[in-house]
Amino acid sequence: MSFKVAILGRPNVGKSTLFNRLVGKKLALVDDTPGVTRDRRVHPAKLYDLHFDVVDTAGFETAAAATLQGRMRAQTEIAIREADLIFFMVDSKSGLMPDDKAFADIVRRSGKPVVLVANKAEARGAQGGMLEAWEVGLGEPIPISAEHGQGMPDLRDAVIAALGQERAFGEEEAAAEIAESEALIGEDIADPDAEDIPAYDETKPMRIAVVGRPNAGKSTLINALVEEERLLTGPEAGITRDSISVDWEWRGRRIKLFDTAGMRRKAKIQEKLEKMSVSDGLRAIRFAEIVIIVFDATIPFEKQDLQIVDLIAREGRAPVIAFNKWDLIDNPQEMLAELREKTARLLPQVRGIRAVTLSAETGRGLDRLMEAVLSTHRVWNSRVSTGKLNRWLEGILAHHPPPAVAGRRLKIKYITQAKTRPPGFVLSTSRPDAMPQSYIRYLVNSLREAFDLPGVPIRMVLRASENPFAGKAKKRG
């Protein structure tokens with residue numbers, strides 16, 4: 001049974017908490033502040049034997065369409081249209097509010113099957129709030145605690161009844177699974193940080209994170225790529241809070257795009273919610289393959305821009321720069337020459353990084369951006385044979401051997417590639433600790449040029465070559 005469930009309700013009733021409970025991961029940000037969720041988030045979910053897609057939505061608020069709250073409500077209305085079933089949530093603890101009845105009318109007019117979910121049922125005095133929930137006219141309220149996992153069997157039965165479907169399992173199998181799941185109630189939900197980065201496979205979706213400073217145009221860029229108003233955008237800085245994933249396909253290649261919250265300098269981040277948003281964005285970077293860094297072309301290369309690129313390089317992800325808002329540049333040829341010079345000078349750790357000028361607002365440059373992404377992805381996954389590497393190393397050592405340290409010449413025996421994603425090499429040398437960093441940088445840059453590895457981090461690990469006579473000397477002693 002495949003279907004889509006949208007979780008609706010006013011702010012702060014626990015929609016994101018229930019979303020996390022159903023997907024089994026702490027994906028959506030949860031905080032006591034009302035209105036944390038702004039974009040709609042979709043993820044596969046499971047409720048015992050039921051498998052479906054669940055949609056987390058922004059809290060319903062009455063507001064003009066031009067305001068941020070109005071645009072958030074428009075995203076929620078899209079979720080209603082796309083859903084097969086609606087979970088309408090109310091807060092048993094605080095009781096019914098006037099907005100609950102108004103939003104219940106909107107849900108009723110949609111004509112979609114509805115399950116009335118009374119959250120926070122474990123709280124003292126929640127019984128009165130559950131009785132009040134009958135007043136919205138959406139049937140019997142199902143008491144649950146999204147935070148503690150209570151009431152999930154009743155919620156499952158309500159879903160079956162609302163959709164009019166037969167049970168996916170037999171009675172015994174369903175009862176066994178419910179008993180097993182109830183035994184886990186109270187345990188922490190799995191943290192996605194514990195997952196491993198998947199092995200390279202072109203049949204799997206390429207994971208692309210879109211990052212940058214606030215108001216650089218990250219969400220607008222993703223909307224332009226997928227050609228729909230999938231993410232909330234506007235003139236206000238810091239609209240995006242959660243890292244939202246969007247499934248997409250470009251020229252036959254499946255892609256998963258991750259929109260992230262704008263990253264400001266650490267000293268400027270004061271609120272707990274913004275810290276959570278930035279932390280969520282950093283997690284998206286760690287689990288991405290390609291990271292598109294969106295620069296505002298009107299004010300490029302701010303200190304924070306450079307720190308973001310450096311972070312991505314240290315994490316070993318493959319970076320691509322998108323100079324957005326190019327339609328606002330008056331002298332594009334002069335600016336382009338300046339950007340090329342600054343890119344080469346300020347980002348030596350990813351020499352040859354691919355940078356594309358574009359306008360997310362008008363759609364210009366999007367194909368060039370994706371071509372740069374695929375090209376960078378191929379480099380990030382590239383492998384060089386040991387034979388080619390050591391022939392290259394012979395030429396390097398003949399032309400520019402390593403310097404002498406403390407009167408002793410450093411010897412390099414061989415080189416081999418140990419990993420990809422990013423390319424990682426092992427260099428066998430006589431004294432690894434004595435090798436100057438300047439000579440390692442020289443080797444890395446020469447490696448980039450010889451094997452066409454531009455714009456991605458390159459790892460170089462030095463290991464001591466074993467002395468074949470060490471054991472014999474010890475025996476003679």
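# A guided look at a predicted model

R156 is buried, with a relative accessible area of 0%. The protein has 14 helices and 17 strands, and 51% of its 477 residues are buried. Among contacts between residues at least 6 apart in sequence, 71% join residues at least 24 apart.

**Salt bridges**

- The protein holds 16 salt bridges.
- R156 meets D49 in one of these, with 2.5 Å from N to O. R156 sits in helix 5, while D49 sits in the loop between strand 2 and strand 3, so this pair links parts of the chain that are 107 residues apart.
- D49 counts as buried too, at 4% relative accessibility.
- R213 and D305 meet in another salt bridge, at 3.0 Å from N to O. R213 lies in the loop between strand 7 (206-212) and helix 7, and D305 lies in helix 9, so the pair ties together parts that are 92 residues apart in sequence.
- Both partners are buried: R213 has 14% relative accessibility, and D305 has 0%.
- K256 and D247 also form a salt bridge, and their closest N and O atoms are 2.8 Å apart. Here K256 is partly exposed at 21%, and D247 is exposed at 59%.

- You can find R431 in the loop between strand 16 (424-429) and helix 13 (437-451).
- The side chain of R431 reaches the backbone oxygen of V405 at 3.3 Å.
- Leaving aside neighbours within four places in sequence, R431 is in contact with V405, R408, R409 and L410.

- Helix 1 covers residues 15-23, and nine of its nine residues are buried.
- Among these buried residues are K15 and R21, along with L18, F19 and L22.
- What covers them includes strand 1 (4-8), strand 2 (41-47), strand 3 (50-56), strand 4 (85-91) and helix 5 (152-163).
- Just after helix 1 comes G24, with a positive phi of about 80 degrees.

**Helix 7 and its partners**

- Two packed helices are described by the angle between their axes and the distance between the axes.
- Helix 7 packs with helix 11 (residues 366-380) at an angle of about 95 degrees, and their axes are 11 Å apart. That angle makes helix 7 roughly perpendicular to helix 11.
- The contact is made by L221, A224 and L225 from helix 7, together with L366, L369 and M370 from helix 11.
- S219 is also in helix 7, and it counts as buried at 8% relative accessibility. The side chain of S219 makes a polar contact with the side chain of D259, at 2.5 Å.

- V291 is found in strand 10, and its relative accessible area is 0%, so it is buried.
- Not counting residues up to four places away in sequence, V291 touches A209, V211, I285, I312, R317, A318, P319 and V320.
- One of these contacts, I312, is 21 residues from V291 along the chain, and their C-alpha atoms are separated by 7.5 Å.

- Most residues other than glycine have a negative phi, and most peptide bonds are trans.
- E227 has a positive phi, near 60 degrees, and is not a glycine. E227 lies in the loop between helix 7 (218-226) and strand 8 (244-250).
- F301 is not a glycine either, and its phi is positive at about 60 degrees. The place to look is the loop between strand 10 (290-296) and helix 9 (303-315).
- Are these two residues buried or exposed? E227 counts as exposed, at 73% relative accessibility, whereas F301 is buried, at 10%.
- The peptide bond from R421 to P422 is cis, with omega near 0 degrees. P422 is found in the loop between strand 15 (412-419) and strand 16.

Notes: Residues are numbered from 1 along each chain as its sequence is written. This is a predicted model: local features need pLDDT of at least 70, side-chain atom pairs count only at pLDDT 80 or more; totals for chains, interfaces and linings use all residues. Side-chain values use heavy atoms; hydrogens and water are left out. Helices (H or I, at least four residues) and strands (E, at least two) are DSSP runs, numbered from the N terminus. A polar contact is a pair of N or O atoms within 3.5 Å; within protein, one must be able to donate a hydrogen and the other to accept it, and residues adjacent in sequence count only if both atoms are side-chain atoms. Contact means heavy atoms within 4.5 Å. Buried means under 20% relative accessible area, exposed over 50%, partly exposed in between (1.4 Å probe, protein chains only). Axes are lines fitted to C-alpha atoms, for helices over the stretch in contact, and angles run from 0 to 180 degrees between N-to-C directions. Angles under 35 degrees count as roughly parallel, over 145 as roughly antiparallel, 65 to 115 as roughly perpendicular and the rest as oblique. A salt bridge is a side-chain nitrogen of Lys or Arg within 4 Å of a carboxyl oxygen of Asp or Glu.
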